[in-house]
Amino acid sequence: MKLSAIRPIALMLSRELMITALLLLGVSFVVFIILYLSPGDPFSVLLEGQMSTTEARSGLREVLGVPKTWHAQYLSWLTGMLQGNFGTSIRTGLPVLKEVLRVGLNTLVLTIGSMLVTLALAVPIALYSAVRGTNSISWPLTMFSYVVSALPVFWLGYIVIYFFTHKLGLFPLVFGFSSSVQKFGWLYQLLPIFVLGIGNGTISEVIRYLRDEMGRVMAEDYIRTARAKGASVWKHAFKEGFLIPVTEIIASKIPFILGGAVIVEQVFNWPGMGRMAWQAAQDRDYPVIMGIAIISAVLVRLGSLFQSVVYVAVNPRASKE
Amino acid sequence: MTTGPLLKIEDLRTYFYSRSKQAFIRSVDGVSLKIKRGETLGIVGESGSGKSITALSVMGLISAGPGVISGKIGFKSARMQKNLLQDLDEYVSLAIKDGKIMQLSKDFAGWEKNSERIMGRVRGKEIAMIFQNPKSSLNPFVPIGKQITEAIQLHTSIKNEQKAKERAIAWLDRVKIDSPRLRFENYPYGLSGGMCQRAMIAMALACEPSLLIADEPTTGLDATIQSKIVELLAELKSELGVTTMLISHDISIISRLSDSVAVMYGGTVVEYGPARAILAADFASKHPYTTALLASIPSERNIREKGYLQAIEGDVLDTINIPPGCRFYGRCNRVTAGIRENCAFKEPDLREIAPGHKVRCWLYFD
Amino acid sequence: MMKSYTQISGEIGELSKLPFWKKTDIVDLAYVGYGLFIVTLVVISYILGSFNLLPKDPQDINLDLMIAPPGTAGHLLGTDFMGRDILSRLIVGIQAYFLPGLLAVFIALFFGTVLGVLAGYRGGRFETAITYFTNLVDSFPRLVLILLVIAAFKPNIYYIMIVVGLTNVPVVSSHIKGKIQFLKQKNFVEAGVSLGLPTGTIILKHILWHNCRSLLIIQATIGMAEAILMETSLSYLGFGVQEPTPSWGNMVQAGANYFMQGKFWLSTAPALSILFTILGFHLLGDGLNNILEGKRGK
């Protein structure tokens with residue numbers, strides 16, 4: 001790529017980065033407001049938790065006091081977060097960020113894996129129906145995707161667990177995240193990925209979106225030109241008909257899959273952010289769940305940023321708009 | 001050198017099934033045309049007359065679901081000879097009752113596959129096509145130079161990237177694009193419509209096809225740019241002698257470039273012959289529709305003689321419910337008492353009235 | 001042999017013998033029909049539940065008849081681990097989401113319409129602000145946001161539904177905005193203004209009532225599906241209605257252990273209720289969309 005071509009892209013990306021930062025600031029504010037409005041004085045507890053050591057906590061509070069006004073509280077909390085200090089868990093007393101990041105990797109594996117499963121199912125169906133239209137194969141598949149999208153993911157989890165433990169006898173009947181000690185440990189870890197990939201409730205929407213976009217692009221004049229000159233239609237339709245819509249769908253479905261992870265992690269005892277969020281909500285351990293809300297918002301925004309990068313890199317017009 | 005016409009269309013019929021009307025739209029209904037080597041055949045007619053569908057049928061670009069094509073398209077170049085509609089009707093099954101088709105089903109996938117197999121080595125290499133609205137006809141995600149290079153690498157012996165690029169730049173220069181080296185890197189959105197059409201022409205001709213189909217090449221362009229594109233086509237025609245099927249609703253463009261002309265109306269050819277005979281200034285021995293088309297050209301002579309421009313009255317033919325008689329009967333202003341019955345109830349055939357000049361009109365039959 | 005199609009008559013009635021899924025209008029009607037059937041069933045069940053008109057008392061514990069399979073005399077869908085009638089509990093379970101779901105739908109439609117009108121009619125800064133708001137709301141996984149609210153306040157279904165409603169606002173407002181911008185393009189609004197109609201009349205009567213009505217109905221059905229999904233998910237996770245009050249989610253959860261023992265019906269009956277109900281609302285929304293908004297329009 002030429003230097004002159006990189007400049008507008010860099011400009012465009014710095015703009016996207018700024019928007020991302022602004023949105024994350026908004027995210028933190030929404031989280032703050034929810035907690036600020038809640039009864040009691042949870043914020044003082046939170047800010048206390050942000051102080052470095054137990055000694056300092058008990059000592060400093062008396063000396064400095066916790067900020068009283070709402071903006072002082074917000075600023076104090078935000079500064080702490082920006083330095084990587086999300087406070088400590090009320091239940092365990094451990095630092096929130098470290099705990100969330102520790103289990104966050106598991107959730108990331110689950111989320112990315114499920115996304116791939118969803119796409120692996122949706123893309124072929126979408127492409128097939130975009131090219132062939134409604135026929136005796138694509139119609140039942142579309143209908144099936146509707147049913148799958150309405151499937152309660154926890155029940156799907158039960159069916160899968162029952163099938164693999166009872167029918168195939170692959171795992172002992174223990175509800176729990178199996179360690180690698182087990183013979184089929186790796187398979188057991190794949191199950192939640194498949195269950196969430198199928199049951200996250202977005203499949204029919206993903207199929208419809210990809211099919212419509214692909215169909216729209218296939219009807220474009222420039223695809224007719226590609227056919228007329230004997231070139232590969234797929235090659236010409238790839239960017240607008242596949243790459244852009246797929247990245248768009250990935251970015252926009254991340255929050256849904258993260259939400260579904262809360263349930264699937266619960267069903268499979270998968271030690272991830274979702275299960276931690278569930279536990280935290282049970283214990284009203286709000287420092288933890290605030291951390292999780294913010295980390296998942298960061299993930300969502302990163303997905304969005306990724307989509308913008310792909311769009312700008314692919315579309316020559318984007319950097320001019 | 002092979003003999004005979006390069007392209008010979010025989011009784012081409014392209015019907016589309018309209019789901020809402022539950023009937024066939026007979027877009028092209030029995031068209032027979034010939035294009036000799038080095039000749040430019042102009043096809044003229046209103047929108048909906050079936051001229052573009054004829055071109056798309058030749059290119060095998062008719063993909064609409066339940067549509068059928070029948071007839072024969074014989075293509076015979078120095079490199080190959082085949083019927084472009086070979087075996088297509090094997091993928092259509094009919095249920096005939098009392099001589100009428102009651103049911104028709106089409107194996108869409110098989111049809112498509114067969115069409116791709118036949119057209120695979122024809123499209124781009126043997127027959128190239130340029131379209132209207134050049135801006136949307138070029139891939140907006142690929143620099144124009146790359147799109148030309150791709151065609152060259154696909155269809156000529158030049159496979160080397162650098163050499164293909166040089167060739168593409170030479171072609172950009174040949175279609176009179178300024179600073180072709182710079183333009184090579186440009187995306188279609190940065191170029192004007194005229195520039196895009198030049199690039200399209202360069203892309204089509206870069207593979208040295210035996211036949212060029214130009215489907216409304218000036219539609220969607222500004223008037224001044226239109227005339228420049230026509231000039232370019234005329235120049236290329238005299239320089240390269242490329243055989244061309246030129247399609248336009250604009251009879252002045254047809255008259256500028258064509259050696260022979262086919263006038264289409266309602267899915268059929270109503271007049272066919274040498275350009276001189278058909279586009280001659282005198283209105284005698286012509287199909288009334290051709291006469292009307294000529295009278296609608298905004299030329300000095302037409303305005304001086306009539307004081308106004310003549311529009312063709314009436315609507316374009318509904319190609320679902322085709323009337324039994326002449327397709328132009330409802331709009332014709334030259335029906336005489338003697339032939340009225342024929343015009344209304346019997347469709348005339350395309351008959352030769354002078355050497356090479358055929359007309360589909362009862363006026364000229366005894 | 002070459003086939004000839006020349007004798008194809010103008011009209012071929014026989015081609016209408018297409019497989020039924022190709023007749024998009026009939027498929028859409030079937031979608032809507034199924035959806036309306038489900039909606040009616042839900043509403044009737046809700047009313048029956050409100051007046052306690054049930055086959056059995058849903059709280060009636062019968063330790064002699066625990067985990068009876070479906071079809072047991074007097075218990076069409078069987079009984080649960082305490083011998084309670086599953087069918088009755090399913091009907092009563094609708095109470096858990098019906099009114100809260102309506103609240104969520106109302107919030108989404110009301111605020112979505114207000115914001116959509118502002119963005120579409122006024123445009124400019126409003127539009128930018130609403131785009132940011134949309135992106136902001138879309139940044140949170142909905143369930144995580146709800147868990148945050150639960151941790152900060154209490155696991156109250158109405159609080160949860162307020163969050164569900166608010167997170168649905170952007171979808172509604174973007175549809176309304178799109179519609180208004182489309183109408184503006186067609187000089188629809190200018191026409192109204194030049195006729196001297198007051199802005200309120202143009203927006204309320206001509207834009208919202210005449211042009212956005214069907215859109216709002218469609219959004220309401222989709223919003224209800226979201227609300228049911230959220231309620232069942234949360235009561236499954238133990239944050240919604242608590243035992244012994246039944247809700248579809250906590251019924252699935254309570255039946256989990258029995259499911260693993262091969263006694264599927266305890267979890268499966270409520271799970272299938274969730275499945276068919278959400279499917280009904282989805283199909284109703286899509287069918288109405290295809291018919292009223294003409295997305296297929298070919």
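Leu151(A) sits in the loop between H6 and H7 of chain A; helices here are DSSP runs of H or I with at least four residues, strands are runs of E with at least two, and both are numbered from the N terminus. This is a predicted model, where local features need pLDDT of at least 70, side-chain atom pairs count only at pLDDT 80 or more, and totals for chains, interfaces and linings use all residues. Residues are numbered from 1 along each chain as its sequence is written, while chains are lettered from A and ligands numbered from 1 in the order in which they are written.

Leaving aside residues up to four places away in sequence, Leu151(A) touches Leu156(A), Gly199(A) and Leu275(C); two residues are in contact if their C-beta atoms, placed from the backbone, lie within 7 Å. Leu302(A) is another story: 151 residues separate it from Leu151(A) in sequence, and the two C-alpha atoms are 29 Å apart in space.

One of those partners, Leu275(C), belongs to another chain, which brings us to where chains A and C meet. Here 45 residues of chain A are in contact with 38 residues of chain C. On the side of chain A, the elements giving two or more residues are helix H1 (3-37), helix H6 (138-150), helix H7 (153-167), helix H11 (233-268), helix H12 (273-283) and H13. H13(A) gives the most, with 9 residues. Sorted by class, this side of chain A has 33 nonpolar, 9 polar and 3 charged residues (Ala, Val, Leu, Ile, Met, Phe, Trp, Tyr, Cys and Pro count as nonpolar, Asp, Glu, Lys and Arg as charged, and the others, Gly among them, as polar).

Chain A also touches chain B. That contact takes 19 residues from chain A and 24 residues from chain B. Helix H10 (221-228) and H11 of chain A each supply at least two residues of the chain A side, and H10(A) gives the most, with 7 residues. By class, this side of chain A divides into 6 nonpolar, 5 polar and 8 charged residues.

Now for the inside of chain A, starting with H13(A). Helix H5 (residues 96-132) and helix H13 (residues 286-314), both of chain A, have axes that come within 9 Å and cross at roughly 55°; axes are lines fitted to C-alpha atoms, for helices over the stretch in contact, and angles run from 0 to 180 degrees between N-to-C directions. H5(A) and H13(A) are therefore oblique to each other (under 35 degrees is roughly parallel, over 145 roughly antiparallel, 65 to 115 roughly perpendicular, and the rest oblique). On the H5(A) side the contact is made by Val96(A), Leu97(A), Glu99(A), Val100(A) and Gly104(A), and on the H13(A) side by Pro287(A), Val288(A), Gly291(A), Ile292(A) and Ile295(A). These residues split into 7 nonpolar, 2 polar and 1 charged.

H5(A) meets H11(A) as well. Their axes come within 10 Å and cross at roughly 125°, so this pair is oblique too. From H5(A), Thr107(A), Leu110(A), Thr111(A), Ser114(A), Met115(A) and Leu119(A) meet Val246(A), Ile250(A), Ile254(A), Ile257(A), Leu258(A) and Ala261(A) of H11(A). The contact has 9 nonpolar, 3 polar and no charged residues.

Staying in H11(A), look at Glu248(A). It counts as partly exposed, because it has 17 C-beta neighbours inside 10 Å. The C-alpha atoms of Glu248(A) and Val310(A) are separated by 9.4 Å, with the two residues 62 apart along the chain.

Last come the partner chains. Chain C has 12 helices and 0 strands. Its radius of gyration is 24 Å, well over the 19 Å that the globule rule gives for 298 residues, so chain C is more spread out than a compact globule; the radius is taken over C-alpha atoms, and the rule is 2.2 Å times the number of residues to the power 0.38. Buried residues make up 49% of chain C. Chain B has 13 helices and 14 strands.

Definitions and conventions: A residue is buried if 20 or more other C-beta atoms lie within 10 Å of its own, exposed if 12 or fewer, and partly exposed in between; C-beta atoms are placed from the backbone.
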